[in-house]
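The stops below follow one another as selections.

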Amino acid sequence: MKNDRGSLMRPTPLPESASRPVVTPLSPSVVYSSDTPDMLDAQYDGKLHGYTYSREGHPNADVVAQAIDRMEGAPHMGVMTSSGMGAVSAVLLGLTKAGDHVIGGNQLYGRSLRMMSEDLPRLGIETSLVDPGDVAAVRAAIRPETRMILVEVVSNPTLRIADILGLAALARETGVLLVVDNTFTTPRGFKAFDHGADIVIHSVTKLLAGHSDVMLGYVAARDADINTRLRVFTVTTGMTPSPFDCWLAERGMLSFDLRFDRAQATAAMLADHLAGLKGVRRVIYPGRHDHPDREQAAILLKDQFCNMVSFEIPGGRAQANAFARAAEGLNFAPTLGDVGTTVSHPASSSHRAMTPERRAELGMSEGFFRVSVGLEDPKVLCDVFTAAVQAAAE
Ligand SMILES: *Cc1c(COP(=O)(O)O)cnc(C)c1O
């Protein structure tokens, strides 16, 4: 039998076209074939750019990484991971060794807190959790073994603002890395590298991808060597995301600016609306005059106060249930940054492991809700909240 092209397995050459696609092609190929062993050698040596095996990197990951690099002003190509926690893990596990010490904000994302309190100590890495709005307290926690400070700009779910400029100055002075998880604020709200961050982390799952259909993370370091160490660690531990998820994220990010601006404008409106309702005890929004860190917010965020609003209604679980039941069309879901508004109830979800006393200390009662504002008609959204707050008060 004649061994024609058709009897070979792959790849089938694409039909010729003088014109090009306007959408980034999806490249699910796990392996890439090189012409010669010399060429492969040159690729592994970094003398020739080329993909080899997709755990080591693939075009769809690089396209998304470069898009976020441009938004963040990252000096080297960032690393994509299969979730935001992958990015957090790469930093906390990939850059530390037994005997080191790590400082974290005391209101970090729940899983990051868990890694700080469970996994790092198990590996011989000591941790301290400190209020990131209190630079003196962070300074007091620094030891000779301290390697890094991990903070979020806006805390979850009480939306307090970290003193990033103070922490950056402290980090420089003491030779400690400042790591900023910029998920809530996004590069549109806050340019972390410009404010002194050494490493920037994103859960791309949230606002950047924006449609709750992709899990993805991003991490980039100012220092080339640290950036390379992060990349090598994610490749070794298999944190590489799938090309399809990267492709979806790229698609979602095309509308990120528009989504962010719209959600933010509605959030500001909703915050004021909630504050005017009789059945609402307290509203927390960094753009409001009554926010406890109003000045810090204005310095760091300028006028980009983002899409997260928290509020509190009086009463206990019964009132919280009544609110949730009456809030028609809102998803009660422990996430944020979706095109649709989501509401979370920290006492029964993200902060359920905390004692009620500790929650009370942080200002999180049974009537405390966190809202991630989406893209609905603002007027309709305000009406839904009005009805639900009224129902809870009855
Ligand atoms: C969601 C989130 C993470 C974790 O991201 P995943 O993509 O869910 O793994 C980390 N930090 C913050 C601030 C988050 O909101």
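A polar contact is a pair of N or O atoms within 3.5 Å; within protein, one atom must be able to donate a hydrogen and the other to accept it, and residues adjacent in sequence count only if both atoms are side-chain atoms. The model is predicted: local features need pLDDT of at least 70 and side-chain atom pairs count only at pLDDT 80 or more, whereas totals for chains, interfaces and linings use all residues. Residues are numbered from 1 along each chain as its sequence is written, and side-chain values use heavy atoms, with hydrogens and water left out.

**Stop 1: the ligand**

Display D181 first: an N or O atom of its side chain is 2.6 Å from a nitrogen atom of the ligand. Two further side chains face oxygen atoms of the ligand: S203 places a polar side-chain atom 2.8 Å from one, and an N or O atom in the side chain of S83 is 3.5 Å from one.

**Stop 2: the two domains**

Colour residues 57-253 as domain 1 and 256-393 as domain 2; these bounds come from an automatic or database domain assignment. Their centres, taken over C-alpha atoms, are 25 Å apart. In the contact (heavy atoms within 4.5 Å), domain 1 supplies 31 residues and domain 2 supplies 34.

The size of an interface is often given as the accessible area lost when the parts come together. Here the buried area (accessible area, 1.4 Å probe, lost on putting two parts together and summed over both) is about 2900 Å², with carbon and sulfur atoms giving 62%.

**Stop 3: across the interface**

Select D261 and R188, whose side chains form a salt bridge at 2.8 Å, N to O. The term denotes a side-chain nitrogen of Lys or Arg within 4 Å of a carboxyl oxygen of Asp or Glu. Three salt bridges are counted between the domains, and 13 residue pairs are in polar contact there, both residues at pLDDT 80 or more. On the side of domain 1 that touches domain 2, α6 (164-174), α7 (186-189) and α9 (243-253) each supply at least two residues. Helices (H or I, at least four residues) and strands (E, at least two) are DSSP runs, numbered from the N terminus.

**Stop 4: a loop**

Finish at the loop between β4 (146-152) and α6, where P157 lies. A cis peptide bond joins N156 and P157, with omega about 0 degrees. L159 lies in the loop between β4 and α6, and its phi is positive, near 55 degrees. Most residues other than glycine have a negative phi, and most peptide bonds are trans.
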